[in-house]
Amino acid sequence: DTAQTETAQTLDAVADPPVDGSELIRFDQVTKRFGDNTVLDRLDFSVDSGKHVTLIGPSGSGKTTILRLLMTLATPDEGTIKVGGAYLTHEERGGKLVRAGEKHVREVRKNIGMVFQQFNLFPNMKVLRNITEAPVTVLGLSKDEAEERARELLELVGLREHVDKYPGQLSGGQQQRVAIARALAMRPRVLLLDEVTSALDPELVVGVLDVLRDIARSTDITMLCVTHEMNFARDISDQVLMFDSGRVIESGPPQKIFSDPEQERTREFLGAVL
Ligand code: ADP
């Protein structure tokens with residue numbers, strides 16, 4: 001129908017550059033410690049462009065740390081991370097791999113958008129400005145271009161009529177949908193979603209998940225998602241990674257992981273949350 005076609009057209013522009021099915025994210029022997037606590041232990045994994053990957057596992061197993069490493073809110077103690085073929089953690093200088101400098105990190109991180117559990121909107125800016133701020137200041141879009149795109153994205157998340165409100169005038173679910181629009185406005189190649197419905201009242205969860213389902217279905221953006229919403233994970237995921245103590249203990253398509261897991265630990269975990 002027309003609405004769906006329009007959504008699809010709007011979303012054509014979300015993933016930039018277009019998806020080619022190649023490897024978009026690679027963790028190679030990544031170790032992260034906090035003091036004596038080894039949170040990630042020589043972790044290897046990769047995500048192909050356009051795929052939707054869900055990280056599940058008990059609290060404290062390192063899932064959020066992975067997203068924070070990708071956002072460069074934390075740095076690994078060992079190992080390398082690549083995004084779009086370029087090192088995020090390192091850069092090559094004079095034929096040697098050295099820790100990445102700030103400028104290099106900023107460039108590679110442009111590929112990545114993140115939505116947090118707490119929406120983290122700018123409380124003193126109206127909805128429209130929340131979305132246009134970074135595209136104007138970071139990407140150098142004109143105010144008009146940024147506003148046009150912001151309005152399209154607000155349409156996508158069902159909030160067109162709320163452009164002139166402040167975050168405090170919106171429900172949690174609406175604020176989270178603004179946060180999703182804000183992340184997409186930067187045209188990231190990958191969208192990181194960190195338990196984005198955990199802080200919401202139950203009746204507001206559905207609206208946010210519906211928006212994410214719509215984005216997963218109608219765009220080719222890559223998604224990496226930490227969630228406790230197992231039905232949602234089953235619906236949108238190409239691949240599910242089960243974490244325990246900083247390692248991937250099992251991975252596969254959702255049909256397999258949720259219905260016929262190999263590992264006892266996975267069965268236990270799913271038994272507790274499903
Ligand atoms: P998950 O998302 O799977 O619940 P996290 O990645 O949030 O797990 O946390 C993994 C472990 O790292 C936990 O034991 C947590 O206490 C610890 N941790 C995370 N962030 C920090 C930090 N900034 N300082 C110290 N310990 C941390």
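How are helices H6 and H7 oriented to each other, roughly parallel or roughly antiparallel? I shall come to that pair after a word on conventions.

The structure before you is a predicted model, in which local features need pLDDT of at least 70, side-chain atom pairs count only at pLDDT 80 or more, and totals for chains, interfaces and linings use all residues. Residues are numbered from 1 along each chain as its sequence is written. Helices (H or I, at least four residues) and strands (E, at least two) are DSSP runs, numbered from the N terminus.

Let me take H6 and H7 now. Their packing angle is about 20°, and their axes lie 8 Å apart. Axes here are lines fitted to C-alpha atoms, for helices over the stretch in contact, and angles run from 0 to 180 degrees between N-to-C directions. H6 and H7 are therefore roughly parallel to each other. Angles under 35 degrees count as roughly parallel, over 145 as roughly antiparallel, 65 to 115 as roughly perpendicular and the rest as oblique. The crossing of this pair is right-handed; a crossing is right-handed if the near helix is turned clockwise from the far one by less than a right angle, and left-handed if anticlockwise.

On the H6 side, Gly172, Gly173, Gln176, Arg177 and Ile180 meet Leu204, Gly207, Val208 and Val211 of H7. By class, these residues are four nonpolar, four polar and one charged. The classes are nonpolar for Ala, Val, Leu, Ile, Met, Phe, Trp, Tyr, Cys and Pro, charged for Asp, Glu, Lys and Arg, and polar for the others, Gly among them. Contact requires that the C-beta atoms of two residues, placed from the backbone, lie within 7 Å.

Leu204 touches Ser171, Gly172 and Gly173, leaving aside residues up to four places away in sequence. From Leu204 to Gly172 the C-alpha distance is 7.4 Å, although 32 residues separate them in sequence. Is Leu204 exposed, partly exposed or buried? Leu204 is partly exposed, because 18 other C-beta atoms lie within 10 Å. A residue is buried if 20 or more other C-beta atoms lie within 10 Å of its own, exposed if 12 or fewer, and partly exposed in between, with C-beta atoms placed from the backbone.

I turn next to H4. Its buried residues include Val127, Asn130 and Ile131, and their cover includes H5 and H6 (172–184). H4 packs against H6 at an angle of about 25°, with axes 8 Å apart. That makes H4 roughly parallel to H6. In this contact, Val127, Asn130 and Ile131 of H4 meet Val178, Ala181 and Arg182 of H6.

With H5 the geometry is as follows. H4 (residues 127–137) and H5 (residues 143–156) pack at about 130°, their axes 9 Å apart. H4 and H5 are therefore oblique to each other. H4 passes H5 in a right-handed crossing.

Finally, the ligand. Residues surrounding the ligand include Phe34, Asn37, Val39, Lys63, Thr64 and Thr65; the criterion is a C-beta atom, placed from the backbone, within 6 Å. Strand S2 (37–48) and helix H2 (63–70) each supply at least two residues of this shell. Which element gives the largest share of the shell? H2 does, with three residues. By class, the shell holds two nonpolar, eight polar and one charged.
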